[in-house]
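Here is a quick tour of one protein chain, with the sequence and fold on show for you to follow along. Have a look at it first, then read on.

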Amino acid sequence: MRTRPKGIHTIHKPLADRYWEKVVVREGCWEWQAHCSPEGYGQFKSASGKGMQLAHRVMFRLVHGRDPDPNLQLLHSCDNPPCQSPDHVKEGTQAENQATVNRSFKTGPRNSNYRHGRRCAVRIH
């Protein structure tokens, strides 16, 4: 009988299965239903079990079959950090991202409608 050394964790499900089971797919934004960063972005445990990745970056890899361009950022056109819809996330420059932030959030801190430490899809009204 083989046993795993203490502290070694294996992930039995394929990456795509682990990722998509945490997303509610519907018209409009596809909400991330697992752990989020304090800024409201979905976080996904890496395949090695060490560290976290931004969920929308994992989605980009799964949908496009490649990593995002390292010289660009991934921008949410919907201004909804937990959104995982491929139609709402695209590559863009930091200047494009900042222009979107300035246009969308004229008052108050960015993502202030998200409760820290809660599931991403829970909004404060």
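Let's start with the largest pocket: β5 gives the most to its lining, with four residues. Keep in mind that this is a predicted model. The pocket has a volume of about 190 Å³. Of the 11 residues that line it, Tyr41, His56, Gln73, Leu74 and Asn97 are the closest to its centre. Besides β5, the elements α2 and α3 (94–104) each supply at least two lining residues.

What kinds of residue make up the lining of the largest pocket?

| Class of lining residue | Number of residues |
|---|---|
| Nonpolar | four residues |
| Polar | five residues |

Now for α2, which spans residues 55–64. Ala55, His56, Val58, Met59 and Phe60 are buried in this helix, and His56 is also one of the residues closest to the centre of the largest pocket. What covers the buried residues of α2? The cover includes α1 (15–20) along with the strands β2 (31–32), β3 (43–45), β4 (52–54), β5 (73–76) and β6 (89–92). Just past the end of the helix, Gly65 takes a positive phi of about 70°.

One more histidine to look at is His88, which sits in the loop between β5 and β6. Is His88 buried or exposed? His88 counts as buried because its relative accessible area is 19%, and the cut-off for buried is under 20%. Leaving out residues up to four places away in sequence, His88 touches Gly28, Cys29, Leu75, His76, Ser77, Cys78 and Cys83.

Definitions and conventions:
Residues are numbered from 1 along each chain as its sequence is written. This is a predicted model: local features need pLDDT of at least 70, side-chain atom pairs count only at pLDDT 80 or more; totals for chains, interfaces and linings use all residues. Side-chain values use heavy atoms; hydrogens and water are left out. Buried means under 20% relative accessible area, exposed over 50%, partly exposed in between (1.4 Å probe, protein chains only). Contact means heavy atoms within 4.5 Å. On a 1 Å grid over the protein atoms alone, a cavity is a set of points where a 1.4 Å probe fits but cannot get out, and a pocket is an open set with protein on both sides within 12 Å along at least five of seven lines; lining residues have an atom within 4 Å of a point. Grid points are joined across faces, edges and corners, and a volume is the space filled by probe spheres set on the points. Ala, Val, Leu, Ile, Met, Phe, Trp, Tyr, Cys and Pro count as nonpolar, Asp, Glu, Lys and Arg as charged, and the others, Gly among them, as polar.
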